[in-house]
Amino acid sequence: MNNVWQIKTKGEFMAKFNLTKTSQWQNLEKHFEVMKEVHLRDLFKNENRFDEFSICDNNIGITFDYSKNIINSETLRFLLDFAKEAKVHQYSEKMFSGEKINWTEKRAVLHTALRNRSSKPVLFDGKDIMPSINAVLEKMKKFSRDLREGKWLGATGKKITDVVNIGIGGSDLGPRMVCEALKFYADSSTPAVHFVSNIDGADILEVLKKINPENSLFIVASKTFTTLETITNALTARKWLVAKLGEKAVANHFVALSTNAKKVVEFGIDENNMFEFWDFVGGRYSLWSAIGLPIACFIGFDKFEELLEGAYYMDKHFLEAPFEKNIPVIAAVLGFWYNNFFKAESYTILPYSQYLHRFTAYLQQCDMESNGKTINFENEKINYSTGSILWGEPGTNGQHSFYQLIHQGSKFIPCDFIGFVNPPENVGDHHEKLMANFFAQPEALAFGLTKDEVYDELTKSGLSFADIELLTPHKVFEGNKPTNSILIDNLTPKTLGALIALYEHKIFTQGILWRVNSFDQWGVQLGKVLANVILPELSKKAQNPHDCSTKNLIKIFIDKKKTNLQENI
């Protein structure tokens, strides 16, 4: 790479690429007809399979085992050839250099610059943006330290003990997930951190019940400072605070993460207490920015920087590692293989760590909002599958919930298992029992139990012939369910940063393979627009045409709401 990542302000960046007509796609189609009949039991007759299909990065402590996938060396070659033909590496460099690859919004995609830990400048519109990024980081550092050390005080002179983050989408899911994942690293200086996102009044109400206004700080996270859910919740919090402490208290108890200084000041927040971020940072990629302020307040700025360092490490790996040893690229092409050839409709993320219990929810937005698209680079409707339904829960809870469907259901569901060698906590033999399941489940999914194995097992148990005949088909596990195992040495801010960035780059790579814009989200707009149309109707301040279903549902709501109010008078 060049020493300066430089934006190209002119010229087409989208190369014509008819996905299904390429020789690489056609090679994969032919190859699939062979591989769909292959079982992992046969593939593992090769005793060197793990060595061939795994990547061990001891520098950061991540082992990525993809040997339990329905692939051979030829499959991998075909998939990586397709990624090369799709120009994944070239598009990666365009992203890192600040080119406006989010072409529908005419924006660059530079969340990677937020965690650039080198001295390398990043040019955007001819200007190095690193000084402004570093200035915001320095402001976050001072604020979070002052808060944790008791130098930032409430209106009555009391220390802040509770921080309430008010945001939605990326302004909530990212910092919430990280705070949960790294809560072990909280210390005596750590304030309690609460998150409010849902416009349902129950969300803000239940948080306000837990906190004292004199000791509470509200972080309002909204780029435009007009997001309906966020501003509604922020105004409710403001009203609650003012009723307790008076109007002047707003200055001590509210800060903003935004770009709209005018709206922030109108709310009553000093512009000096506004933390800036930029249009080149999408919401679902924003935890590395000022949106990460609650993380810095919770675990301390030094550990927030370690989070950035881990992501930066994965950024370099993604840009520099050859595809054959590139974890995000291999994860991406495997997902593409199952989505577009095996017709897998969903995949699961299964972290074997309770600390990561919000990780899958975070990735749902990152993945499904990014690649849930049907229009390609040429503005044409696509004729192939894009995006997967992502779901999952931590192990071992999921084993007692939905694993049955994965093992013996009729759906084809690839899985990612995430585990840690050394957990932050040390409680008896809990971790060994947890990890025994982490190793057992992918093995069971891969190899299953044959009819003969089940028959022998039941025979040895002494069951009658009739019971054996009855039970055998129900106890057969077909296996051949593909999994990736991501085994990480330790759960630290640095390894978490690397893990998040790994999935970010996987998602980006799949967007390039599918030729969709992974960085806009027009699909979330229509419902918001219609909600704003309907809202005045609910208080009979307007009446608009609707389909008969919506019209009658609104009528029932209004009538029953009115009746309930009359009964309570």
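This is a predicted model: local features need pLDDT of at least 70, side-chain atom pairs count only at pLDDT 80 or more; totals for chains, interfaces and linings use all residues.
Two residues are in contact here when they have heavy atoms within 4.5 Å of each other.

You will find Asp520 in the loop between α21 (493-514) and α22. Its relative accessible area is 4%, and because buried means under 20%, Asp520 counts as buried. Leaving aside residues up to four places away in sequence, Asp520 touches Asn102, Thr104, Glu105, Arg284, Glu369 and Lys373. There is also a polar contact, at 3.3 Å, between the side chains of Asp520 and Asn517.

Now let's turn to the largest pocket, which holds about 1,000 Å³ of space. It is lined by 42 residues, and those closest to its centre are Thr227, Gln521, Val524, Gln525 and Lys528. Helix α22 supplies the largest share, with 5 residues. Sorted by class, the lining has 17 nonpolar, 17 polar and 8 charged residues.

Our last stop is the second largest pocket, with a volume of about 320 Å³. Of the 17 residues lining this pocket, Ser353, Gln354, Glu425, His430 and Leu434 are the closest to its centre. Which helix gives the most to the lining of this second largest pocket? That is α18 (residues 430-447), with 4 residues. The lining of this pocket divides into 8 nonpolar, 7 polar and 2 charged residues.

Definitions and conventions:
Residues are numbered from 1 along each chain as its sequence is written. Side-chain values use heavy atoms; hydrogens and water are left out. On a 1 Å grid over the protein atoms alone, a cavity is a set of points where a 1.4 Å probe fits but cannot get out, and a pocket is an open set with protein on both sides within 12 Å along at least five of seven lines; lining residues have an atom within 4 Å of a point. Grid points are joined across faces, edges and corners, and a volume is the space filled by probe spheres set on the points. Helices (H or I, at least four residues) and strands (E, at least two) are DSSP runs, numbered from the N terminus. Ala, Val, Leu, Ile, Met, Phe, Trp, Tyr, Cys and Pro count as nonpolar, Asp, Glu, Lys and Arg as charged, and the others, Gly among them, as polar. Buried means under 20% relative accessible area, exposed over 50%, partly exposed in between (1.4 Å probe, protein chains only). A polar contact is a pair of N or O atoms within 3.5 Å; within protein, one must be able to donate a hydrogen and the other to accept it, and residues adjacent in sequence count only if both atoms are side-chain atoms.
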